[in-house]
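Here's a quick briefing on nonpolar cores and salt bridges. Have a look at the model first.

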Amino acid sequence: MSSQKKRLSSQDLKAQKQQAESKLDELRQQQVEALEEGREFEHNSEILLVSERIDALTKAVERADKREQQAREQEIIDLERKRLIQIRDKALSLQEKRVEALADAEVAMASVVESLKRFLGASDDIAATMVKATPILERHNVQFSEIQDFSQPNVHARAGSYLSSALADLLPLYNSLGQLVWQSSPPRHSSWSDGETRAVSGALSGVFVKSIDRVVERLAETPDEEG
C-alpha cells in the first residue's frame, strides 16, 4: 500500500501561483509586442495553459488555506483537551491532599482538645485545692488572694492566648477563619508550658506553697497540750 504524498503548503502553492502570474504577464507582454509588430504570436496556447494553471492554483491555495486553518484549529483543540485533562487530574490530586490534610488536622485537633480539657480540669482542681486550704491559712493569719490566677476567667484567657499564638501562624495577615476569631497580637512564648509556668509560678510556688510551708512549720513547733 503506497503512502499518501505530502500535500504542498499554501505558501508553496502561492509561490507557484506568483511564478505563474509572472509568466503570464511575460507572455502577454510578448503577445502585445507581436501584435504591435504585425507578426504571428506562437504562444497563445501557452497563455491558455498558464491561465488555467493560475485558476487551478487559486483553488489549490484556497483548499490549502482551509486545510491549514482546520489543522490549526485542531491543534488548539488538542492542546485545550490536553490542558483540561491536566487541570482535571491536578484538581483531583489536590482534592485528595485537601481531604488528607483536613483528616490530619481533625486528628491533631482532637488531641489538642483532649489535652486542653486535661489542662482546664487540672486548673479547676488546683483552684478547688486552694479553696480548701484558705480557711486554715486564714485561721493562722495568713492571707492568700493569688487563687485568682487559677480562676476560670484567667485560665481561659491564658489558654486562649496560647491557641491564638498558634493560629496566628495559620493566617499571618488575619485573625479569623470564618466565624473563628483569635487574638490579633497574642503574646509569644518559647512554649505554652513555659508561658503558663511563668504566669502562675509566683502565685503557686512563690506564695501559696510558701504560705502552707510557714503554717506547717508553725504547727510543727506547737507543743501538744497535756491532758
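What follows covers the cores, then the charged pairs.

This is a predicted model, so to speak plainly: local features need pLDDT of at least 70, side-chain atom pairs count only at pLDDT 80 or more, and totals for chains, interfaces and linings use all residues. Residues are numbered from 1 along each chain as its sequence is written, and side-chain values use heavy atoms, with hydrogens and water left out.

**Nonpolar cores**
- The largest nonpolar core has 12 residues, including L13, A20, F41 and V61; a core here is a set of buried Ala, Val, Leu, Ile, Met, Phe, Trp, Tyr and Cys residues joined through side-chain atoms within 4.5 Å.
- Helices α1 (10-37) and α2 (44-139) each give two or more residues to this core, and α2 gives the most, with 6; helices are DSSP runs of H or I, at least four residues, and strands are runs of E, at least two.
- Leaving aside residues up to four places away in sequence, A20 touches V50, I54 and L57 (heavy atoms within 4.5 Å).
- Another core of 11 residues lies apart from it, with A127, L137, F150 and V215 among them.

**Salt bridges**
- There are 6 salt bridges in the structure (a Lys or Arg side-chain nitrogen within 4 Å of an Asp or Glu carboxyl oxygen).
- R158 and E196 pair at 2.9 Å, N to O, tying α3 (residues 152-167) to α4 (residues 192-221).
- R158 is buried at 14% relative accessibility, and E196 is buried at 11% (buried is under 20% relative accessible area, exposed over 50%, partly exposed in between, with a 1.4 Å probe and protein chains only).
- R188 and D169 also form a salt bridge, at 3.3 Å, and both are exposed.
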